[in-house]
Amino acid sequence: MRTKFVIVAGATIFLLCQGVLLYSVRLDGAPSKGVKVGAGTQGRLVQLVTREEGTAARQGPKPRWARRQDPPPPAEVAAGARRLRQAQEAALRRWTRPDATSTTVFPPGHEDGACVGSGPPRIGAFAAVVMVTFDRAEYLARALESMLHVHALDPDNQLRFPLYISQDSDAPGVQEVIEQHLDKLRYLQHREVAPPIPSNKREILAYYRIANHYKFIFQTFFDCFGFARLIILEDDMLLAPDFFPYFLGLGRFMDADPSLYCVSSWNDHGQSKFVRDQHTLHRTDFFPGLGWMTNAGVWTSIREAWPPAYWDDWMRLNSTRQGRQCIRPEVSRTYNFGEHGSSKGQYFRTFLKPVTLASEAIDWASEDLSHLLPDEYATRFEAMLASAPTLAADAAWTSAAGPVRVEYASLQQYRLITGRYRMLREWKDGVPRAAYRGVVRVRNPNGVEVLIAPVPGFDPGAAAASGEGRAQEPGGAMGRRGKLVTRSITD
């Protein structure tokens with residue numbers, strides 16, 4: 001009996017040793033010079049290689065995720081997805097921390113892993129631009145077409161605004177789309193190591209996965225690649241013709257103003273019935289998202305507290321903002337066409353589909369932005385608010401002269417007024433969407449500004465902190481599933 005046990009044990013140990021040997025050979029095989037792949041039926045060859053400049057990069061340690069064996073792609077995976085996977089495997093075999101700007105396809109990574117590449121970015125690069133995607137191949141194709149078209153309007157954009165795409169998971173249809181454009185952009189992939197654990201069973205895992213993907217993106221571009229600024233787009237956005245000039249001019253302005261948290265291309269109240277002037281910009285206490293830029297300094301200030309889920313709601317908390325503000329346009333520089341996604345249905349048809357996309361090609365680098373400086377903006381704003389007559393909501397909507405003011409004395413009253421106008425009624429942590437000092441600005445059909453403002457002495461932030469209306473504070477993606485007020489004077 002003992003002899004039989006010894007023989008079985010010896011055979012088991014032998015097989016384990018063989019497995020370890022084969023596994024190490026797989027990961028540490030001979031370095032590859034690159035992988036040539038075809039793109040579509042045309043047979044176009046694109047060389048997916050890391051182009052070394054100067055002396056060869058020093059061999060670095062493999063990240064933790066590179067030490068485990070990923071399952072092979074299924075047989076039905078499309079050709080473009082297979083080619084993209086081959087390029088990633090080649091990058092792993094020659095692991096030398098790929099350069100941030102000369103690499104086309106990076107190895108996959110995750111939010112708790114090592115860097116997938118290293119910087120610094122090329123001299124002259126103003127901001128990296130990353131489009132975030134998951135599994136909506138048709139949406140991605142449309143969004144990429146818009147981004148690449150607007151990017152090509154100025155040849156200098158190729159250096160100033162290097163383009164990246166970051167995919168969560170590995171939907172093959174999405175990878176087919178990406179593979180067709182690798183001559184113009186670079187590919188990153190976030191791979192989940194283990195499923196996230198929600199705080200309660202009723203929560204949707206997608207919001208946890210999105211937060212992890214964004215953390216991976218911020219760490220990669222700021223901590224690993226060393227970019228000073230980052231513009232984030234989603235795979236259901238169209239861009240205005242002045243999108244890149246807008247961020248070039250406003251990015252420099254943000255660098256000089258530490259009170260700014262972000263620059264956004266989006267106006268939550270940018271529906272066609274509420275906007276008029278494409279040159280008008282505002283400061284806001286509400287984080288808009290949806291096509292926005294931040295810088296390395298802001299990331300450093302929030303990095304250690306990054307949330308496990310609902311990252312956009314977290315960005316809107318007063319404890320996260322710390323009094324900082326964003327710049328947003330009156331007329332949006334992005335248009336969101338994504339009816340299908342984490343938030344669906346009537347929200348899209350009512351609030352996103354009617355948004356106006358700017359059409360003018362404005363040279364923002366030559367615009368005078370001094371009125372957006374914090375003290376100057378506050379002085380002008382307070383003077384305008386003090387001179388505006390107070391009207392009822394219906395009278396303000398038909399006023400021919402202005403600006404005019406509509407006042408609210410509670411968060412519930414604010415929701416009634418904005419519901420009457422068929423506006424987004426949400427707030428977060430006492431800050432209404434697009435508000436500055438509690439005041440939301442829209443235009444009526446005559447082009448007159450209507451200022452929806454708290455009565456003197458009422459502080460929305462303090463009211464929210466005391467618990468007023470907290471049960472009615474939906475906020476962010478979760479709030480998009482709520483019921484809408486249907487009675488309106490603006491339809």
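1. Helix α6 spans residues 205-224 and contains both Phe218 and Phe222, which are four residues apart, about one turn of the helix. Helices here are DSSP runs of H or I with at least four residues, numbered from the N terminus. The model is predicted: local features need pLDDT of at least 70, side-chain atom pairs count only at pLDDT 80 or more, and totals for chains, interfaces and linings use all residues. Residues are numbered from 1 along each chain as its sequence is written, and side-chain values use heavy atoms, with hydrogens and water left out.

2. Phe218 and Phe222 are both buried, meaning under 20% relative accessible area with a 1.4 Å probe and protein chains only.

3. There are 36 aromatic pairs in the structure. Rings of Phe, Tyr and Trp (its six-membered ring) pair if their centres lie within 6.5 Å, and planes under 30 degrees apart count as stacked. Phe218 and Phe222 make a stacked pair, with 6.3 Å centre to centre and 5° between the planes.

4. Trp306 and Trp311 are also stacked, at 6.2 Å centre to centre and 20° between the planes. Trp306 is buried because its relative accessible area is 10%; Trp311 is buried because its value is 8%.

5. Ring pairs join Phe218, Phe222, Trp306 and Trp311 into a cluster that also includes Tyr214, Tyr261, Phe287, Trp292, Trp299 and Trp314.

6. Two arginines sit over rings (CZ of Arg within 6 Å of the ring centre and within 35 degrees of the ring normal). The charged end of Arg186 is over Tyr164, 5.4 Å from the ring centre. Arg229 lies over the face of Phe126, 4.0 Å from the ring centre.

Conventions. Phe/Tyr/Trp six-rings, centres within 6.5 Å; stacked < 30°, edge-to-face > 60°. Helix = DSSP H or I, 4+ residues; strand = E, 2+ residues; numbered from the N terminus. Buried < 20%, exposed > 50% of the residue type's maximum accessible area, 1.4 Å probe, protein only.
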